[in-house]
Amino acid sequence: MAPESIVDHRARAALEFCWADGARHVAAYQLLRSSCPCADCKALRAARPDDDATQPQPTAGLCVTDIQPVGAYGVQFAFSDGHDRGIFPWVFLRALLEQPHAPG
């Protein structure tokens, strides 16, 4: 269920995920950061019920500084703002990427 490749398009501030079934998704760094599934980020999103939690929060110059696999389960991203606690299960990530999002 893991993608075959993850390509960092730093100039576009996005990662491209290429899946075995031929699907390709491009995700802005900000989308990934604002969708972090860690407990702290979930709590912050829950505390702002009036905000559209699916929209990336602007963070100037945000980038992904590291990508680490977490077994066969998922992936962990480290962001330039210092955040690196979220583990993105492959199923969660694929579902997130298949949702329509505003261009990043």
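Q: How many disulfides does the count come to?
A: This is a predicted model: local features need pLDDT of at least 70, side-chain atom pairs count only at pLDDT 80 or more, and totals for chains, interfaces and linings use all residues. Numbering starts from 1 along each chain as its sequence is written, and side-chain values use heavy atoms, leaving out hydrogens and water. A disulfide needs a pair of cysteine sulfur atoms within 2.5 Å. By this rule, the number of disulfides is 0.

Q: How far from C36 is the nearest cysteine sulfur?
A: C36 is in no disulfide. The nearest cysteine sulfur belongs to C38. Its distance is 3.7 Å.

Q: Is C36 buried or exposed?
A: Buried means under 20% relative accessible area, exposed means over 50%, and partly exposed lies in between (1.4 Å probe, protein chains only). The relative accessible area of C36 is 1%. Therefore C36 counts as buried.

Q: What is the order of the open sheet that has β4 in it?
A: Strands (E, at least two residues) and helices (H or I, at least four) are DSSP runs numbered from the N terminus. Two strands pair if DSSP finds at least two bridges between them. This sheet has 3 strands, with antiparallel pairing. Its order is β4-β5-β6.

Q: Which strands stand at the edges of that sheet?
A: An edge strand has a single partner, so one side of it is left without a neighbour in the sheet. That applies to residues 64-70 and to residues 87-89. These strands are β4 and β6.

Q: Which residue in the turn of the β4 and β5 hairpin has a positive phi?
A: β4 and β5 pair in the antiparallel sense over 6 bridges. Their hairpin has 3 residues between the strands. The positive phi, about 55°, belongs to G71.

Q: What is the bridge partner of V64 in β5?
A: β5 covers residues 74-79. The residue there that bridges to V64 is F79.

Q: What is the order of the open sheet that has β1 in it?
A: This sheet also has 3 strands with antiparallel pairing. Its edge strands, β1 and β3, each pair on one side only. The order is β1-β2-β3.

Q: At what angle does α3 run to β3?
A: Axes are lines fitted to C-alpha atoms, for helices over the stretch in contact (heavy atoms within 4.5 Å). Angles run from 0 to 180 degrees between N-to-C directions. α3 lies across β1, β2 and β3. Its angle to β3 is about 85°.

Q: What arc do the buried residues of α3 cover around the axis?
A: W90, L93, R94, L96 and L97 are buried in α3. Their arc puts them on the same side of the helix. It is taken from the directions from the helix axis to the C-beta atoms. The arc is only 160°.

Q: How many salt bridges does a search of the whole structure find?
A: A salt bridge is a side-chain nitrogen of Lys or Arg within 4 Å of a carboxyl oxygen of Asp or Glu. One of them joins D81 to R33 at 2.8 Å, N to O. That pair links the loop between β5 and β6 with helix α1, 48 residues apart. In the whole structure, the number found is 6.

Q: Which residues are linked with R94 in a network of salt bridges?
A: R94 and E98 both lie in helix α3, 4 residues apart. Their side chains meet at 2.7 Å, N to O. R94 counts as buried at 17% relative accessibility, whereas E98 is partly exposed at 48%. The network links R94 with D21 and E98.
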